[in-house]
Amino acid sequence: QGIEELDLKKWISKKRERVRNLLYRAFKEYLPKDAEMLTLYAENLFENYLGEAKNFEYTPAILHADFVGEHVKVDTARGEVTGIIDWGGTRIADPDYDLWRSFSHYGKEFTNRLLMYYPHSDHELLYKKLDFFYRFQVLNRAVREIRKGTPEGILGRLSIIKKHALGPGYYEGEIGISVTAR
C-alpha cells in the first residue's frame, strides 16, 4: 500500500477547524474570563503558520513522526545507534515536522548539535516552525481531552495553553528562543 503523503497545510487546516469547533467552546466554559484572549492566541498561532508560504516550501521526506529518545536504541558499550523503533506514524511530509518532539524534549542546544548532521538552510524559519508544531500539538491534545470528556484532563491542557498565551511560553522561558507574532 505504501506510505501516505501528508498535505501538511490541509491537515493542519483541518485540525484548526476541530480547535475552533471544540476548544473555543471549552475556553468559554472553563476559562470564561480568558476565552477571548485564548481564542485570539490560537487564531494568531494558526494564521502565522498557515499564512507564511515559506513554511510549505520543502522537499517531502519520510518522517518517523514520533522521533524521541526512547525510540532510539543505542549500544552503550560501543556508543553506536543500533536502531530506531516505533514507526507506526510514518508519513511523507515536511522533514522539519520530525524534529519538533526532540526539540521540545531536549531543547535548542541539542537541536543545534543535531543540525550539524541534519543540514537546514534557514535556522530561524526552522525554529519558528518547531515552535508552531509544539504549540499546535498542545492545542491538538486539548481537543483529545475534550473528546474524552474528562474535566481534569481538559483543565490541565487548558492551563498549558493559557501559560503559552499569557507569558513567554514554553520555548522562550525554558529553551530560549523568541517567536513573535506578525
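The structure is a predicted model. The mean pLDDT of the chain is 89, and 91% of the residues score at least 70. Confidence is highest in helix α1 (residues 8-30), with a mean of 97, and lowest in helix α6 (residues 169-175), with a mean of 41. Where pLDDT is low, the predicted coordinates should not be read in detail.

Two packed helices are described by the angle between their axes and the distance between the axes. The table gives these values for the two pairs.

| Helix pair | Angle | Axis distance |
|---|---|---|
| α3 (residues 100-114) and α4 (residues 123-148) | roughly 155° | within 10 Å |
| α2 (residues 35-50) and α4 | about 140° | 11 Å |

Because angles over 145 degrees count as roughly antiparallel, α3 and α4 are roughly antiparallel to each other. Their crossing is left-handed. On the α3 side, the contact includes Trp 100, Phe 103 and Lys 108; on the α4 side, it includes Tyr 127, Phe 133 and Arg 141. By class, this contact of α3 with α4 has six nonpolar, four polar and three charged residues.

The angle between α2 and α4 is about 140°, which makes α2 oblique to α4. The crossing of α2 and α4 is likewise left-handed. From α2, Tyr 41, Ala 42, Leu 45, Phe 46 and Tyr 49 meet Lys 129, Phe 132, Phe 133, Arg 135, Phe 136 and Leu 139 of α4. The contact of α2 with α4 comprises nine nonpolar, no polar and two charged residues.

Definitions and conventions: Residues numbered from 1 in each chain as written. Predicted model: local features only at pLDDT ≥ 70, side-chain atom pairs only at ≥ 80, totals over all residues. Heavy atoms only, no water. Axes fitted to C-alpha atoms, helices over the stretch in contact; angles between N-to-C directions. Helix = DSSP H or I, 4+ residues; strand = E, 2+ residues; numbered from the N terminus. Parallel < 35°, antiparallel > 145°, perpendicular 65-115°, else oblique. Left-handed = near helix turned anticlockwise from the far one by under 90°. Contact = heavy atoms within 4.5 Å. Nonpolar A, V, L, I, M, F, W, Y, C, P; charged D, E, K, R; others polar. pLDDT = per-residue confidence, 0-100.
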